[in-house]
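The plan is to look things up one at a time and jot down what I find.

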Amino acid sequence: MKAAMALAAALCGTPAYAAWEPTKPVEIVVAAGAGGASDQMARMMQAAIQKNSLMKQPIVVSLKGGASGAEALMYMKSSEGDPNKVLIAYSLIYMLPLSAKIPFNWRELTPVSVIALDQFVLWDNSAGPKTVKEFIDAAKASSAPFKMGGTGSKREDHVLTVFLEQKTGAKFSYLPYKSGGEAATQLVGNHTESNVNNPSENLEVWRAGQVRPLCVFDKERISYSGKVTDTQSWADIPTCKEEGVDVQYLMLRAMFLPGKVTPEQQAFYVDLFHKVTQTAEYKDYMEKQALKPIFLTGKDMVQFLEEDDAVNKSLMTDAGFVAK
Amino acid sequence: MEAFGLLLHGFAVLLTWKTLVLMMLGLVLGIFVGVLPGLGGPNGVAILLPLTFTMDPTSAIVMLSCIYWGALFGGAITSILFNIPGEAWSVATTFDGYPMAQQGRAAEALTAAFTSSFIGSLVAVLLITFLAPMISSFALKFGPPEFFAVYLLTFCSFVGLGREAKHKTVISMSLGLLLAGVGMDTVSGQLRMTFGSSELLRGINFLVAVIGLFGISEILLTMEERLALRGHAASISLRVVLGVWKDLPKYWVTLLRSSFIGCWLGITPGGAIAASFMGYNLAKRFSKDPESFGKGRIEGVFAPETAAHASGTAALLPMLALGIPGSGTAAILLGGLMVWGLNPGPLLFVEHKDFVWGLIASMYLGNVVGLVLVLTTVPIFASILRVPFAAVAPMIVVSCAIGAYAIQNAMFDIWLMLGFGVVGYVFKKIGIPLAPFTLALVLGNRAEDAFRLSMIGSGGTLKVFWSNGLVGSITTLAIVLLFWPLIDRVFTGLRRGLEAAHN
């Protein structure tokens, strides 16, 4: 076993561009609180890198979730030229500068790679309506608007809620919580009627039979068909489009270095995270949390980011969330 | 009795030499990080987390939780000796613990703190052992209105039961609430009072403020007044320890009340911080001699420490069962759990019995071992006070600065800490209490969010705070406490009137 690992390490570590490697401990900067999806992913990568000895220097996770993640963005922005910090980014890099006028632009950072796409699912309490249609009808018939829990204000969850309203005509009052975990327990405790959490955020309460997934906001169903609960797999959840609500949204999970680092430094991390995506830890994590595997880097990544930025900008504008 | 069998199984998992050694190691490390002001539990656990990646989950969590217990014990040491609380819940311990140390009763105060910590966590662990399933469903009853009611109760009990002049308490609390508003507002997603500064984005960290308000301001006062920490005569022996223990039964009501408050607020997700304040205030309220509180009364150490540790321990339950951490340290432990693929949630208790009961068993063992460890080291810690102030003061200032910096790795926070030191000095001079300020700073944001979420959910009617038995009774209790002095006076007046009529 050890020999096999050493061999694998030797094969992976071909010194094609081994010109640079970190000389100090590397920090994975998380733009969210403890226990959230970003934090979990960062810890998975930390464990994958250490267990498979992908890097000589140790790697630490630093939580910079203050100001809804703006803290992490400003921290990266001010760390120009420091190759020992990598940000694990998500759609906040497009949305936060628009909604809260944070002086930040992702183009000032150095893109490394897109490592996954995260899904959004419409969930209700397992005692609530059983299908999207019943849910929407119940929401319309209700005297007080249904309460939709989510993370933060004027962000992914809020945008999805607004589009759900526009497409169906039902009204929701959106309750912005501090984390997806909180939104999950509030749904279980019947303090909200629904939420649009990422799979990872509701996984445990789904397995405990406390919430029900109604539909997934993607063009196609989630591909994982291993049983998650006693009867259902991720693949059993219909898309919202199948259920007659044509709303789609995927969220990137991508790694960035601060601005003004050298191409050698950038190359080191591209290689490092490519190796991470090959590890058993990563594959296991993707399946368990129902993430879409993807690996983009270089020009492909920049093109993806530009298109994604445009999509997010138009969604935010349509929802009326862009600060004047 | 199923729980009992499972617990024994937990002990069996735990009782290997390897685990016991890790436990001792964790406790010593924990006490060490707890003693350094500001470094505290969360940072200590965060630094040591990667060390445990190569261990099996049970050993790893046992070691981490022992660091946690150690840090909890250690936090009391700086509160009592230097008036610098390491964690949010150590603030109330300074009220009477520090005066005791100044009177040369440091050993007594430390013994009281450690003993009551032990009792508080023991009660909470018993609760976790036997009532775990019921408690998780209780915690689920808490929506925004219930959360707000709990915070309101804490604020009101402060105003109603506090010793200081009411207007000064309110002034102090309002200033705290104002500063709590700095940074991103979760509900609207907008920035408030940051004035374009990216340093202010993340808001004002509570610990930075506390280190400045209590630690630095104390140094300033000491320099002005006497240039010496009083405490030279700290007598330290087994006799002191036994003496404190002999008096314990006298305070059983306080201990029981504080344990109860601690457990109750601890299982309320996020309510742990309020517990020590409430424990202290209620002990003072029901005391026959409330005037002596704040001047070095041993009960004033028992009450907050018992409540703080009961809540700190009970807070692990919502973390395990619901994935909601009750404190900063619990949040880091939560991250650790996930690394080993142990996702907190309702199924953790079913699917990972070995782990959960091993952890609970480690709470029992860790507490007993921890108590022995800290008690044997009391003489060492108390003797710090014999070092001349001129030598100790710079060390305290430096460790305060390191602590303030380490929380968010920000130089700005050191300036902030110094600023708060001056504010604390001025407040002490003009007699404005610091405690309501710190309480408002730590709970202000959550209280505001909870209130606004309640309003969004109810469509703007205040009736939501009386919409069910739970929230209704908490809210009513809060209002009663707020007007307690008035009610008290009316009742006393009535009784006197009646007595007069009888005569």
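**Entry 1: two helices in chain B**

How are α9(B) and α20(B) oriented to each other, roughly parallel or roughly antiparallel? Before I answer, a reminder to myself: this is a predicted model. I looked up the axes of helix α9 (residues 206-225) of chain B and of α20(B), and they come within 10 Å and cross at roughly 170 degrees. Angles over 145 degrees count as roughly antiparallel, so α9(B) and α20(B) are roughly antiparallel to each other.

Next I checked who meets whom. From α9(B) come B:Phe206, B:Ala209, B:Val210 and B:Leu213, and they meet B:Thr438, B:Leu441 and B:Val442 in α20(B). I sorted the residues of this contact of α9(B) with α20(B) by class and got 6 nonpolar, 1 polar and no charged.

**Entry 2: chain B as a whole**

I looked up the overall make-up of chain B and found 22 helices and 2 strands. It has 503 residues, and buried residues make up 58% of them. I also looked at contacts in chain B with a separation of 6 or more: 80% of them are accounted for by residues 24 or more positions apart.

**Entry 3: chain A as a whole**

Over to chain A, where the secondary structure comes to 11 helices and 11 strands. Of its 324 residues, 53% count as buried. For contacts in chain A with a separation of 6 or more, residues 24 or more positions apart account for 76%.

How does the radius of gyration of chain A sit with that of a compact globule? With 324 residues such a globule would have a radius near 20 Å, and chain A has 20 Å, so the two agree. I noted the span of the C-alpha trace of chain A too: about 65 × 50 × 30 Å along its principal axes.

**Entry 4: the sheet of 6 strands**

I traced an open sheet in chain A whose 6 strands follow the order β2-β1-β3-β10-β4-β11, with mixed pairing. At the edges stand β2 and β11 (292-296) of chain A; each has a single partner strand, so one side of each is left without a neighbour in the sheet. On average, neighbouring strands of this sheet are turned by 20 degrees against each other, direction ignored.

Then I zoomed in on strand β1 (residues 26-30) of chain A. Is β1(A) mostly covered or mostly exposed? Mostly covered, I found: 4 of its 5 residues are buried. A:Val26 has A:Ile59 as its bridge partner in β2(A), and A:Glu27 stands opposite A:Val60. Strand β3 (residues 85-89) of chain A also runs parallel to β1(A), joined to it by 4 bridges. There, A:Val30 has A:Ile88 in β3(A) as its bridge partner.

What lies across this sheet? I found helix α11 (residues 298-319) of chain A lying across β4 (110-118), β10 (251-257) and β11 of chain A, and running at about 65 degrees to β4(A).

**Entry 5: the sheet of 5 strands**

Chain A has another open sheet on my list, with 5 strands in the order β7-β6-β8-β5-β9 and mixed pairing. Its edge strands are β7 (172-177) and β9 (211-216) of chain A, each pairing on one side only.

How do strand β5 (residues 121-125) of chain A and β9(A) run, parallel or antiparallel? Antiparallel, and 5 bridges join them. A:Val121 stands opposite A:Val216 in β9(A).

I looked for helices on this sheet as well. Helix α6 (residues 156-168) of chain A lies across β6 (146-151) and β7 of chain A, at about 175 degrees to β7(A). Helix α20 (residues 435-458) of chain B packs on the sheet too, touching β6 and β7 of chain A, and its direction makes about 170 degrees with that of β7(A).

**Entry 6: where the chains meet**

Note on methods: Residues numbered from 1 in each chain as written. Chains lettered and ligands numbered in written order. Predicted model: local features only at pLDDT ≥ 70, side-chain atom pairs only at ≥ 80, totals over all residues. Pairing = 2+ DSSP bridges. Contact = placed C-beta atoms within 7 Å. Axes fitted to C-alpha atoms, helices over the stretch in contact; angles between N-to-C directions. Rg over C-alpha atoms; globule rule 2.2 N^0.38 Å. Buried ≥ 20, exposed ≤ 12 C-beta atoms within 10 Å, placed from the backbone. Parallel < 35°, antiparallel > 145°, perpendicular 65-115°, else oblique. Nonpolar A, V, L, I, M, F, W, Y, C, P; charged D, E, K, R; others polar.
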